[in-house]
Amino acid sequence: MSAGQGDVVDGAMSGVPTAVGGQFDAGLRNGLLALRRDLHQHPELSFAEARTAAQLEAAIRQFATPAGDTVSVQQVAGTGLVARIPGLSRSAPVVAIRGDIDALPIQEDTGLPYASVNAGVMHACGHDVHATWAIGAASLLARRPAHGDVLIVLQPAEEIGEGASAILASDALDGVSAIFGAHVDRRFPVGQVVAQAGSLAAAADTFSITLRGRGAHGARPHESADPILGAGMLVVALQSVVSRRVNPSVPAVLTVATLQAGTASNIIPDHATIGGTLRTIDPQTRTLVAEEVRRIAHGIAATHGLEADVRIELGPPPIVNPEREAMWAHAAAVSLVGSNNVVPLGITNMGGEDFAYYMERIPGAFLRIGAREAGGEPTPAHSPKFFADDGALFIGAAVLAETARRASAALATR
């Protein structure tokens with residue numbers, strides 16, 4: 001039997017390999033499950049995670065306190081927390097594990113007994129699990145320390161792409177030599193892990209284009225400079241950016257997601273605004289797509305006697321795992337779930353992830369953790385029916401803790 005195979009069949013531990021499940025005694029397992037359910041039931045939006053942060057601080061003090069020691073917990077970035085788990089050598093390089101904690105403005109429709117009680121707010125991206133597995137990793141590292149200290153980063157506001165930058169601005173991660181994170185993924189069953197070098201997430205930029213013209217009566221369109229007509233033409237023209245300007249071998253996405261104009265059926269308004277997202281995986285394509293959006297918008301505006309106000313806001317850059325850090329994560333995953341269950345991503349992921357901001361300053365790697373229960377469907381994230389199976393939190397905790405140990409040991413020998 002390969003390493004990590006052989007399932008622990010124990011309710012929430014179903015599908016969890018013995019090499020993982022054996023690390024969690026009944027008290028820790030039940031405590032983490034209760035924490036996950038509490039966080040899921042009481043989700044909070046970005047930078048409003050006050051209750052969430054309080055629950056997590058209490059949990060990390062309860063579950064991750066080495067005998068005779070007190071875990072240092074620092075509040076940062078408003079509702080964020082950074083805890084330090086002592087290593088075997090306080091002079092060794094420091095590594096970090098990140099778990100994001102915020103929810104989304106979505107009304108939950110899962111039917112779970114612990115579904116959200118906060119109307120219109122839901123953990124539809126698995127951050128309840130991410131936060132909980134960070135606490136689990138802290139506990140495992142407190143019981144079996146890494147060579148050096150490990151920081152547990154409980155980050156707010158990932159969903160709006162601002163939390164990682166706020167954590168970095170706090171200087172709480174100064175001196176960290178490597179950082180690791182992960183995301184639940186229902187495309188993969190519980191027990192599978194993606195830990196590979198290369199592209200894991202796309203740059204996630206947004207655009208807003210306001211076309212300004214001249215309003216008029218709907219019965220006399222010749223007296224107007226119609227921004228709605230221009231907006232319609234612009235929506236169509238923007239589709240040529242990816243299809244005709246981007247190299248077909250390079251992934252890119254341009255999605256128009258909003259169109260706002262007008263107040264009544266017989267009034268041609270004086271302005272119209274469209275907005276959307278730009279997703280790319282390399283710097284050259286990122287620059288090209290933004291330039292093309294500006295060029296086409298101004299061209300369409302000129303054609304229809306309008307003025308264009310084009311605003312492009314850069315979001316998180318792409319995540320590209322480097323070989324060394326990905327190798328540490330891969331080896332950790334293989335040791336826990338077996339080589340057959342460390343699988344390739346298999347797609348080019350055009351979703352964004354603000355973990356990329358950490359990797360601009362700190363070497364690291366980002367993983368995907370299988371979260372689909374046996375017989376379940378691959379429900380997409382950001383869906384009102386999304387949930388991650390409990391087993392994912394134990395695998396995420398164990399893999400991230402072991403990755404931190406391996407990274408810490410390797411960095412200490414440099």
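Against which helices do the buried residues of helix 2 pack? In this predicted model, local features need pLDDT of at least 70 and side-chain atom pairs count only at pLDDT 80 or more, while totals for chains, interfaces and linings use all residues. Residues are numbered from 1 along each chain as its sequence is written, and side-chain values use heavy atoms, with hydrogens and water left out.

The buried residues of helix 2 pack against helix 3 (50-63), helix 4 (127-143) and helix 10 (391-412). Helices are DSSP runs (H or I, at least four residues), numbered from the N terminus. Buried means under 20% relative accessible area (1.4 Å probe, protein chains only). Among the buried residues of helix 2 are Leu28, Leu32, Leu35 and Leu39. Arg29, Arg36, Asp38 and His40 are also buried.

Helix 2 covers residues 26-41. Its 16 residues should span 22 Å at 1.5 Å a residue. The expected span is 1.5 Å times one less than the number of residues. The end C-alpha atoms lie 22 Å apart, which agrees. Aspartate 25 caps the N-terminal end of helix 2. One of its side-chain oxygens lies 3.2 Å from the backbone nitrogen of glycine 27.

The chain is divided into domain 1 (11-201 + 318-413) and domain 2 (203-313). These bounds come from an automatic or database domain assignment. The domain centres, taken over C-alpha atoms, are 38 Å apart. In contact (heavy atoms within 4.5 Å) are 7 residues of domain 1 and 10 residues of domain 2. Across the interface, 0 salt bridges are found (a side-chain nitrogen of Lys or Arg within 4 Å of a carboxyl oxygen of Asp or Glu).

Technical notes
Helix = DSSP H or I, 4+ residues; strand = E, 2+ residues; numbered from the N terminus. Buried < 20%, exposed > 50% of the residue type's maximum accessible area, 1.4 Å probe, protein only. Polar contact = N/O pair within 3.5 Å; in protein donor to acceptor, adjacent residues only side chain to side chain.
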